[in-house]
Every structure is written in structure tokens, then in C-alpha cells.
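This report describes a single protein chain from its computed geometry. The sequence and the model come first.

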Amino acid sequence: MKKTLLAVILAVACVACLAACGGSEPAPAPAPETQSQAPVVASVPVMTHEEYVAAPLDSQVCVETYIQAKQGWWENQATIYTQAEDGAYFLYNMPCTEEDYNNVLTVGTKIKVTGFKSEWSGEVEIIDATYEVIEGETYIANPIDVTDLLGTDELIAHQNEFVSFKGLKVAASKDANGNDAAYLYNWDGSGSKGDDLYFNVEDAKGNVYQFTVESYLCGADTEVYQAVEALQIGQTVDLEGFLYWYEGVNPHITNVVVK
């Protein structure tokens with residue numbers, strides 16, 4: 001009886017010992033946490049303008065181009081018209097310090113730009129861009145006469161280029177009161193001096209187009225702004241500017257000569 005009881009006690013003790021030994025085994029170390037990382041943007045080789053035009057919207061692009069005019073700087077972003085020998089690019093809200101905008105990104109300066117191809121109301125532009133100044137080369141484009149391309153499908157191939165229009169006639173616009181006017185402050189005449197200027201021109205075929213003096217690019221104190229304010233309906237003018245696009249051709253005019 002005592003032997004039987006002793007055997008039972010020993011058996012229970014062994015089970016308890018085994019359980020204790022099992023419980024003292026260290027738990028497996030947790031797998032290390034995976035740290036989240038920002039997506040890596042692949043580098044893109046420098047494109048020709050033809051390759052840029054062929055690239056799909058929202059794709060990453062990289063071009064080498066030259067600054068032709070600066071539309072404005074605010075909140076550490078710059079909007080700039082640029083052009084190379086084979087085509088032009090509009091850089092919209094490119095991150096840029098005020099120091100670089102004023103003293104580094106001067107007209108004629110060559111830059112390498114990497115960003116994303118975008119479109120807004122027909123205007124193709126580069127957004128979310130970074131830039132690198134390329135020393136030693138400069139280029140300022142001469143205007144290309146595109147007068148005969150007005151109203152054709154070929155005109156858009158020169159989008160954002162520095163262009164000229166010859167022998168156009170100032171056509172009447174309608175102001176906010178429905179009266180004929182040679183120009184308007186804002187597209188509908190609702191603005192005042194200092195706002196964008198809009199004016200209509202007519203080509204030799206009788207087609208009428210609305211052109212713009214972009215106030216950020218050429219403000220009220222510039223010669224071109226004041227020249228448009230002095231226009232009269234029926235005058236013949238030669239014009240220069242950048243072939244901006246907004247729901248169709250909408251050049252940003254930088255020079256006006258009355259013939």
C-alpha cells in the first residue's frame with residue numbers, strides 16, 4: 001500500500017517537473033517588424049522632345065531645356081517657360097527657393113528637369129519637378145512665325161514655344177456691359193487694371209482668336225501690358241509670345257507692335 005502510494009506520488013512529481021521544464025523554455029523571438037518605405041522613383045534617361053511628346057500622361061519624364069521666361073514665384077514654387085532647340089516645355093509650380101529663382105534660374109540657363117507629364121485643359125506641362133543647373137551652355141529661342149498655322153491641327157505641335165504672329169487685326173471684344181472693346185480685364189471684362197488682359201485678333205481668313213497678356217508674366221508696369229491697353233479695334237498688329245494652350249490656342253503675349 002505504501003509502495004503503491006509512493007509510486008503515485010513519484011509519478012505526479014515527474015509530471016509536474018516535466019510541465020515546469022516545458023514552461024521555462026523561452027518563447028520564440030518575434031519576427032522583426034518591416035519598416036515602411038517611400039516608393040522609389042526610377043531614374044529616367046534624358047528624352048528628346050519627340051520622346052517627351054510620345055510619353056503618356058502621368059508618366060515620369062526627364063528633359064534638358066533652357067529657361068526663356070519666368071511667370072512667377074510663390075510658396076517656394078516657380079512657374080517657368082522653357083525651350084530647347086527641338087521643342088518647348090512649361091514647368092508648373094516647380095519647387096524652387098526664392099534665391100535660385102532670382103539669381104540662378106536666369107533667362108538662357110540650361111537645366112535638367114525630372115518630373116511628371118501632366119495636362120490641364122489642353123496645356124501639357126511638367127509638374128512635381130526637380131531641376132539641376134547645367135553650367136556652360138545658354139540658349140534663347142528666336143520666335144517662330146506660326147501665323148499661317150492658326151486654325152490648323154499643326155499649330156499644337158509648337159505648344160509652349162516662343163512664337164510670332166504677323167499682320168493680325170484687332171477684333172472687338174464684348175465688355176461686361178455688352179459694349180465693343182479692344183481689350184478686357186479678365187476674359188469677361190469683370191476685372192480691373194492689374195488683372196490678365198484679353199483681346200481678340202482676326203487672321204486673314206476671318207477667324208477670330210482670343211489672346212492673353214498673363215499678368216504674372218507681364219504685369220501692369222510692362223510695355224506689352226500698356227501697349228494692349230492702348231489698342232484700338234481695327235488696328236493691325238504683329239505679336240510675340242509663348243504658345244500656351246487653354247481649351248484651344250491661348251498665347252501669352254509678351255510683345256505688341258502696331259503696324
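The sections below go from the chain as a whole to selected residues and ring pairs.

## Basis of the values

The model is predicted: local features need pLDDT of at least 70, side-chain atom pairs count only at pLDDT 80 or more, and totals for chains, interfaces and linings use all residues. Residues are numbered from 1 along each chain as its sequence is written, and side-chain values use heavy atoms, with hydrogens and water left out.

## The chain as a whole

The protein chain has four helices and 14 strands. These elements are DSSP runs numbered from the N terminus, helices being H or I with at least four residues and strands being E with at least two. Of the 259 residues, 39% are buried, where buried means under 20% relative accessible area, exposed over 50% and partly exposed in between (1.4 Å probe, protein chains only).

Among contacts with a separation of 6 or more, 54% are between residues 24 or more positions apart; a contact means heavy atoms within 4.5 Å. The accessible surface is about 14700 Å², and carbon and sulfur atoms contribute 54% of this area. Accessible areas come from the Shrake-Rupley method with a 1.4 Å probe, and for residues only the protein chains shown count as cover.

## S173 and its surroundings

S173 belongs to strand β8 (residues 173-174) and counts as buried because its relative accessibility is 4%. Beyond its neighbours within four places in sequence, S173 is in contact with N179, D180, A181, L184, F199 and N200.

The side chains of S173 and N200 make a polar contact of 3.2 Å. Such a contact is a pair of N or O atoms within 3.5 Å; within protein, one must be able to donate a hydrogen and the other to accept it, and residues adjacent in sequence count only if both atoms are side-chain atoms.

Strands β11 (residues 197-202) and β12 (residues 208-213) pair in the antiparallel sense over six bridges; pairing requires at least two bridges found by DSSP. F199 stands opposite F211 in β12. Five residues lie between the strands of this hairpin, and G206 takes a positive phi near 90° there.

## Q159 in a loop

Q159 lies in the loop between β6 (144-145) and β7 (162-171). Q159 is buried, since its relative accessible area is 9%. A polar atom of the Q159 side chain lies 2.7 Å from the backbone nitrogen of V124. Leaving aside neighbours within four places in sequence, the contacts of Q159 are A88, G122, E123, V124, L243 and W245.

## Aromatic pairs and cysteines

The whole structure contains eleven aromatic pairs. Rings of Phe, Tyr and Trp (its six-membered ring) pair if their centres lie within 6.5 Å; planes under 30 degrees apart count as stacked, over 60 as edge-to-face and the rest as tilted. Y52 and Y89 form an edge-to-face pair, because their planes are at 75°, with the ring centres 4.9 Å apart. This pair links distant parts of the chain, with Y52 in helix α2 (residues 49-54) and Y89 in strand β3 (residues 87-95), 37 residues apart. Y52 is buried at 4% relative accessible area, and Y89 is buried at 2%.

Y183 and Y185 are also edge-to-face, 5.5 Å centre to centre with 85° between the planes. Y183 is partly exposed at 22%, whereas Y185 is buried at 19%. One aromatic cluster consists of Y81, F90, F162, F242 and Y244. The structure has zero disulfides, defined as pairs of cysteine sulfur atoms within 2.5 Å. C96 is buried at 5% relative accessibility, and C218 is buried at 9%.
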